[in-house]
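Have the model open as you read.

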Amino acid sequence: MFFGIAFQQHSVWGMTAVMLLSVALGALIGFEREAHGHPAGIRTHILVCLGSTLITLVSANMGNGSNDRIAAQIVTGVGFLGAGAIIRDGATVRGLTTAASIWVTAAIGIALGTSPWFGQVACICAGIVLVTLWGLTRMERWIDRVAGRPLLLDLTITDDPGVLTEIRLLLEKHGSKILSVSMETGKDAGTRLVNMKVAPALGADSIRIVEYLSDHKEVNSVRCDT
């Protein structure tokens, strides 16, 4: 039974229905990732979920006691995909949430292919994943503003004496404090690349910080990461 509906999962049409459901669930999770500009989007999540479902369906019909071993290999293979989504950019690590979404999408695919009962659990899990990815984004932003989570700022400034001091004073004027700073020669002649960790004032908006830094005449570009 699948949510009260009689369901023959091991028939051709039953397996087709399961694979179509896996496509739908994978697409929903992938849409959220793609809507937020992450590299692993709809197609990646559909293929991960569909592939996991198909492999599990095939292994369930082999009848040679290899079901658990095949599922374990899916988890291992998806681990490599997740690792490919993680990117280290200076002091920032990107893609952890996307890697986790790929991993849980594979788990949903395995559950769909196991049995109708686990298929119900997979649908519930997909709903929880969507609530987590969509709903908690606003909460995280609110926590960042309230708690004053440190910001990672990458600035390209003019290579003139006293510019960094001016930037420090500008940040302090708005209630922010520099926790650490490093500087290296910029890509363009006469510029410096400055990497700094800044503790913003409580309730400060990171966009506002970027705006007033960008308005400084000696700042050529600003990038902010939380």
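## Ground rules

This is a predicted model, where local features need pLDDT of at least 70, side-chain atom pairs count only at pLDDT 80 or more, and totals for chains, interfaces and linings use all residues. Residues are numbered from 1 along each chain as its sequence is written, and side-chain values use heavy atoms, with hydrogens and water left out.

Helices (H or I, at least four residues) and strands (E, at least two) are DSSP runs, numbered from the N terminus.

## The sheet

Four strands make up an open sheet, ordered S4-S5-S3-S6 with antiparallel pairing; two strands pair if DSSP finds at least two bridges between them. S4 (177-185) and S6 sit at the edges with a single partner strand each, so one side of each has no neighbour in the sheet. From one strand to the next, the twist averages 20 degrees.

S4 and S5 (residues 191-199) run antiparallel and are joined by eight bridges. Lys177 has Ala199 in S5 as its bridge partner.

Helix H6 (residues 163-173) lies across S3 (151-158), S4, S5 and S6, at about 25 degrees to S5. Helix H7 (residues 206-214) packs on the sheet too, touching S3 and S6, and its direction makes about 165 degrees with that of S6. Axes here are lines fitted to C-alpha atoms, for helices over the stretch in contact, and angles run from 0 to 180 degrees between N-to-C directions.

## Zooming in on Val222

Val222 lies in S6 (residues 219-225). Setting aside neighbours within four places in sequence, Val222 is in contact with Asp154, Leu155, Val210, Leu213 and Ser214 (contact means heavy atoms within 4.5 Å). Its C-alpha atom is separated by 9.0 Å from that of Ile157, 65 residues apart along the chain.
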